[in-house]
There are 2 protein chains.
Amino acid sequence: MSKPDDTNTLYFAFFNEVAIVSQLSGRLLESKLPEGFLVSHFAVLNHLVKLGDGRTPLAIARAFQVPKATMTHTLAGLADGGLVRLVPNPEDGRSKRVMLTDKGRRFRDQAIARLKPELERMAQHVDARAIAAALPLLAEMRSYLDAAREE
Amino acid sequence: MSKPDDTNTLYFAFFNEVAIVSQLSGRLLESKLPEGFLVSHFAVLNHLVKLGDGRTPLAIARAFQVPKATMTHTLAGLADGGLVRLVPNPEDGRSKRVMLTDKGRRFRDQAIARLKPELERMAQHVDARAIAAALPLLAEMRSYLDAAREE
DNA sequence: TCCATATGGTTCGATATGGAACTATATAGT
DNA sequence: ACTATATAGTTCCATATCGAACCATATGGA
């Protein structure tokens with residue numbers, strides 16, 4: 001039961017914190033990756049490991065809510081490094097499928113290994129249960145923003 | 001009491017959601033700003049309105065956790081648009097103070113006004129109380145990451 | 001007072017980002 | 001079959017980002 005202005009302030013504060021956490025966590029992760037690799041590279045590899053490869057560039061772009069031009073570039077970087085292979089999609093001549101290479105899997109595993117101590121330290125300061133509790137809200141907000149975007 | 005691997009997964013999921021919400025909210029805000037203005041511009045103006053102007057570029061950079069080179073550029077954009085003025089800092093010859101202009105205040109007010117309907121719709125789908133409940137966690141995570149960064 | 005070092009800010013350069021225009025293929029309607 | 005439209009992906013371009021090197025001023029010894 002707050003006044004509208006307070007509500008605005010609340011949402012602004014929320015988005016502000018989200019932006020800063022995103023900023024800082026990205027930098028932290030990047031500092032653990034080999035020179036020249038970005039969060040986006042890791043995120044895509046991780047996505048493919050977790051959900052399976054063979055997805056199309058567009059599907060991946062949508063999963064991360066980035067423009068497809070951005071994903072083209074990210075995938076090119078991964079392909080340059082031999083971490084994924086782009087193969088034609090037999091089911092659709094316009095499209096491609098993104099396949100993980102062994103090197104890509106190893107890269108992802110190594111990044112996680114290098115991050116592990118960091119996360120363990122983090123878990124001692126920021127309670128995992130609180131993280132778990134906040135996840136549904138973030139997912140809800142994501143899905144709302146995603147829907148709002150297309151209107 | 002979960003296994004370490006699950007904990008890793010949890011934190012990754014959290015940061016992933018945070019990154020996407022940051023991405024989407026930024027785009028949404030930007031779509032309400034005049035051509036050529038970015039979230040970073042709005043964020044700085046809002047910061048100055050809320051906490052008072054006269055701060056130094058470096059102080060603002062730290063508040064948003066961006067490199068100082070980035071803030072130099074953001075402030076240059078704002079100054080170009082006449083939304084802030086950069087004046088010498090009488091207390092420190094190396095430094096400057098960032099002053100809001102009337103135009104800057106109006107710009108910020110208008111952006112908020114244009115965003116208002118959006119936020120009201122949002123509040124009907126994503127409960128303000130959940131937002132309020134999640135804020136402390138985000139702040140805690142921010143502050144942890146911030147501290148971890150400097151080690 | 002001088003020097004060493006630290007700090008605020010800018011410049012430079014290399015790269016990521018994302019919108020718009022484009023190409024190629026697919027699908028739907030006639 | 002033919003045309004119109006939609007969709008996957010790339011290319012192009014303008015701009016944001018950020019690390020590193022740099023300049024100017026400040027501060028703290030000796």
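This is a predicted model: local features need pLDDT of at least 70, side-chain atom pairs count only at pLDDT 80 or more; totals for chains, interfaces and linings use all residues.
Residues are numbered from 1 along each chain as its sequence is written, chains are lettered from A and ligands numbered from 1 in the order in which they are written, and side-chain values use heavy atoms, with hydrogens and water left out.

Between the protein chains, 53 residues of chain B are in contact with 53 residues of chain A, where contact means heavy atoms within 4.5 Å. The two chains bury about 5600 Å² between them, and 74% of this is on carbon and sulfur atoms; buried area is the accessible area (1.4 Å probe) that two parts lose on being put together, summed over both. Within chain B, the residues that lose the most area to chain A are Tyr11(B), Phe12(B) and Tyr144(B), together 12% of what that side buries.

Polar pairing across this interface comes to 8 residue pairs in polar contact, both residues at pLDDT 80 or more. A polar contact is a pair of N or O atoms within 3.5 Å; within protein, one must be able to donate a hydrogen and the other to accept it, and residues adjacent in sequence count only if both atoms are side-chain atoms. The rule also finds 2 salt bridges between chain B and chain A, a salt bridge being a side-chain nitrogen of Lys or Arg within 4 Å of a carboxyl oxygen of Asp or Glu. In one salt bridge, the side chains of Arg142(B) and Glu17(A) meet at 2.9 Å, N to O. On the side of chain B that touches chain A, helix 1 of chain B gives the largest share, 19 residues. Helices (H or I, at least four residues) are DSSP runs, numbered from the N terminus.

Around DNA strand C there are 20 residues, of which Gly93(A), Arg94(A), Pro57(B), Leu58(B) and Lys68(B) come nearest; a residue is near a strand if one of its heavy atoms lies within 4 Å of it.

Phosphate oxygens of DNA strand C lie 2.6 Å from a polar backbone atom of Leu58(B), 3.1 Å from a side-chain N or O atom of Ser95(B) and 3.4 Å from a polar side-chain atom of Arg27(B).

How values were computed: Helices (H or I, at least four residues) and strands (E, at least two) are DSSP runs, numbered from the N terminus.
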